[in-house]
Amino acid sequence: MLVVGLTGGIATGKSTVSSMLKASRVPIVDADVIARQVVEPGTPGLAKIRETFGSEVLLPDGALDRKKLGSIIFNDETKRKQLNKIIHPAVRKAMLWQVIGYWMKGYKYCIMDVPLLIEGPLWKLVGLIVVVYCSDDLQLRRLMQRDGSSKEDASSRLNSQIPISQKVAYADIVIDNSGTPQELQGQVDSLIRKLEARAGWTWRVNWLLPPVGLISALLKLLWRRISWSRRGLQ
């Protein structure tokens with residue numbers, strides 16, 4: 001099965017693209033949704049957070065007080081790393097199981113919707129990278145309009161992330177969300193056609209013969225690593 005990494009920058013429209021793909025019945029593994037699920041009441045993730053940060057980060061009903069936790073880690077790099085060590089492994093594990101679930105159901109491909117795909121190690125493990133792009137100026141205007149923030153605040157948020165232009169360097173396919181919703185839908189439809197063509201007929205062989213699929217996937221990832229190295233991407 002072809003595993004596709006979908007990413008972008010804040011206010012570039014990645015979530016809109018993801019919603020369009022869902023509407024077309026494309027299987028989506030949503031990292032943001034999973035990140036909330038792994039810290040729900042009764043989960044090992046929430047128990048570890050309580051053990052690390054104390055019960056003051058919980059609401060009266062036992063749910064995670066995200067605002068309180070955010071205030072703790074915002075200006076403390078050590079505590080932020082502690083939280084990441086709890087959340088990230090749990091999210092990656094849950095995402096893997098969702099991918100395996102789609103494979104077992106016989107899907108040709110699935111989309112991993114990961115905002116920080118390039119910032120983490122997952123970009124090295126997908127078969128295709130799709131980046132949703134718009135210009136820096138348009139990204140800034142959309143962020144200000146969406147959040148009602150000042151130019152200074154919006155610029156500060158953007159500067160805390162990898163510039164979208166740098167993420168584009170990792171992309172196999174770029175979706176330019178600078179136009180109308182209709183133009184964006186056209187690009188999403190084109191993406192689906194490309195994924196169908198890329199999956200071809202060999203996915204049936206890989207699905208019926210898992211060892212063949214595993215070897216094929218490893219060879220493809222090896223070739224992609226060589227290609228990335230030649231392009232100077234690490």
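**Entry 1: strand pairing**

Which residue in β3 is the bridge partner of Val4? I looked it up, and the partner is Ile111. A reminder to myself before going on: this is a predicted model.

I found β1, residues 2-8, running parallel to β3, with 5 bridges between them. Next I checked β2, residues 28-30, and this strand also pairs with β3 in the parallel sense, over 3 bridges. Ile111 turned up again here, as the bridge partner of Ile28.

**Entry 2: the faces of β3**

Is β3 mostly covered or mostly open? I went through residues 109-113 and noted that 5 of 5 are buried. I then sorted them by side, bearing in mind that side chains in a regular strand alternate between the two faces of the sheet. On one side I have Tyr109, Ile111 and Asp113, and on the other Cys110 and Met112. Every one of these is buried, and both faces of β3 are covered.

**Entry 3: salt bridges**

How many salt bridges are there? My count came to 7.

I began with Lys22 and Asp30, whose closest N and O atoms are 3.8 Å apart. That falls inside the 4 Å cut-off, so the pair counts as a salt bridge. I noted Lys22 as partly exposed, at 43% relative accessibility. Asp30 is buried, at 15%.

Then I looked at Glu119 and Lys167, which meet at 3.2 Å, N to O. This pair links distant parts of the chain, 48 residues apart: Glu119 sits in the loop between β3 and β4, and Lys167 in helix α8. How exposed are the two ends? Glu119 is partly exposed, with a relative accessible area of 32%, while Lys167 is buried, at 1%.

My last pair was Arg157 with Asp147, where the closest N and O atoms are 2.8 Å apart. I noted both as partly exposed: Arg157 has a relative accessible area of 41%, and Asp147 has 37%.

Definitions and conventions. Residues are numbered from 1 along each chain as its sequence is written. This is a predicted model: local features need pLDDT of at least 70, side-chain atom pairs count only at pLDDT 80 or more; totals for chains, interfaces and linings use all residues. Side-chain values use heavy atoms; hydrogens and water are left out. Buried means under 20% relative accessible area, exposed over 50%, partly exposed in between (1.4 Å probe, protein chains only). Helices (H or I, at least four residues) and strands (E, at least two) are DSSP runs, numbered from the N terminus. Two strands pair if DSSP finds at least two bridges between them. A salt bridge is a side-chain nitrogen of Lys or Arg within 4 Å of a carboxyl oxygen of Asp or Glu.
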